[in-house]
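Here is my note on the model you sent. I start with the pocket and then turn to the strands.

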Amino acid sequence: MNSKEIIQNLLELKPTPRQPATLMSAGAWALNSNGLSLERALAAPVEETADILYRAYNEVGSDIVWAMSGYNNIVIGAIGGKIKFRTKGTPDVIEILVKKPSDVDTINTDVIKNDERVQTLLKVTKLLAEKVKGENYVALTRWGPFTLAGLLYGAENLMRDIYRNPDSVRHILDFTADLYLKYAQLYIDNGVDFFLLAEPTTSGDMISRKHFETFAVPAFKKVFTELRKKRVRTALHICGNIENRLDLLADIGAELISVDYKVSLKKCRDTFDGKIAFAGNMNPVAVMQRESPEGVVKACEECIAAAGEGLGYLLMPGCDIPPATPATNIKAMTQTGKSHIFGGNNE
């Protein structure tokens, strides 16, 4: 089985011959390890950037290849928002675009496809998909609707309106869900067949379980329902501790739930077993960046043991890794997975 077939089986809760393992996103790492910042990669020849990404993920043995990840805020710039690139890492939103909820009605999302940066991302993605030749899923990480809403309107404004004006929050979330889907279609047209929604603003550190269920879950369901109609694979990642809302995630329409290092993999197994696949949860800094390769192997073995026997576990860092993460540590993670051959309990 190739990597794509193994991940397909994992998502469908079918047996896999070994423990699948992948990076999560890691676009800044892939480019930085080859001397390019995210900003410089946008100005580089698209063929060169696509080749760098292809080689980076394959050399470390990631079962999933990620398409131009780390550019989550580019879509905000494309619709008129102000963003700023860092020397390393991902670009930031430096000013909110939506001053009041009704402002979303005046935003023309059709301009996304004509944005120069978006066009570059799409060209690289298409070339990358051609290089992959169906051996791996070509995946994309972008902000989900709730986090997009916070970046457009301001996280504090969004949290305030959850209490004071819930209908305005729903209105903005309808807009950001539609924005996500329109943006996703451009990538589907250029070879992406796996989408991971990143939703850090919905963690237990940000909103309560009640508000998560009331506002975030319907937005997730809207996006995942439409993505599944397009026959692409789907995943959700939420940073922070979400143990008090894991049970709400099994039926949102995603095929895989990715969890932070703060979340128990045993609790994930207890909650998701036989219902949905799950992934995580090595600490991206303390383990993936700072540990020795031997320390990474130990942490991965602990994750595999904590996830327990059964189907549907994907070995993966608990979030995006820092750009300076050593390739030797990533190889230690993927090799631990590849050396873990399943017996009868996975069949």
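**Pocket and central strand**

1. The model is predicted. Its largest pocket has a lining of 25 residues. Nearest the pocket centre lie Asn-72, Thr-90, Trp-143, Cys-319 and Asp-320.

2. The space in this largest pocket comes to about 490 Å³. Sorted by class, its lining holds 14 nonpolar, eight polar and three charged residues.

3. Which elements each supply at least two residues of that lining? They include strand S4 and helix H12 (284-289). S4 covers residues 137-143.

4. S4 leads on to S5. The two strands pair in the parallel sense, over five bridges. Within that pairing, Ala-139 has Phe-194 of S5 as its bridge partner.

5. S5 also pairs with strand S6 (residues 233-238). This pairing is parallel too, again with five bridges. Here Leu-197 stands opposite Leu-236 of S6.

6. Why is S5 largely enclosed by the rest of the structure? The strand spans residues 194-198, and five of its five residues are buried, so the rest of the structure largely encloses S5. Buried here means under 20% relative accessible area.

7. Now take S5 face by face. In a regular strand, side chains alternate between the two faces of the sheet. On one side of S5 sit Phe-194, Leu-196 and Ala-198. On the other are Phe-195 and Leu-197. All of these are buried, and both faces are covered.

How values were computed
Residues are numbered from 1 along each chain as its sequence is written. This is a predicted model: local features need pLDDT of at least 70, side-chain atom pairs count only at pLDDT 80 or more; totals for chains, interfaces and linings use all residues. Side-chain values use heavy atoms; hydrogens and water are left out. Buried means under 20% relative accessible area, exposed over 50%, partly exposed in between (1.4 Å probe, protein chains only). Helices (H or I, at least four residues) and strands (E, at least two) are DSSP runs, numbered from the N terminus. Two strands pair if DSSP finds at least two bridges between them. On a 1 Å grid over the protein atoms alone, a cavity is a set of points where a 1.4 Å probe fits but cannot get out, and a pocket is an open set with protein on both sides within 12 Å along at least five of seven lines; lining residues have an atom within 4 Å of a point. Grid points are joined across faces, edges and corners, and a volume is the space filled by probe spheres set on the points. Ala, Val, Leu, Ile, Met, Phe, Trp, Tyr, Cys and Pro count as nonpolar, Asp, Glu, Lys and Arg as charged, and the others, Gly among them, as polar.
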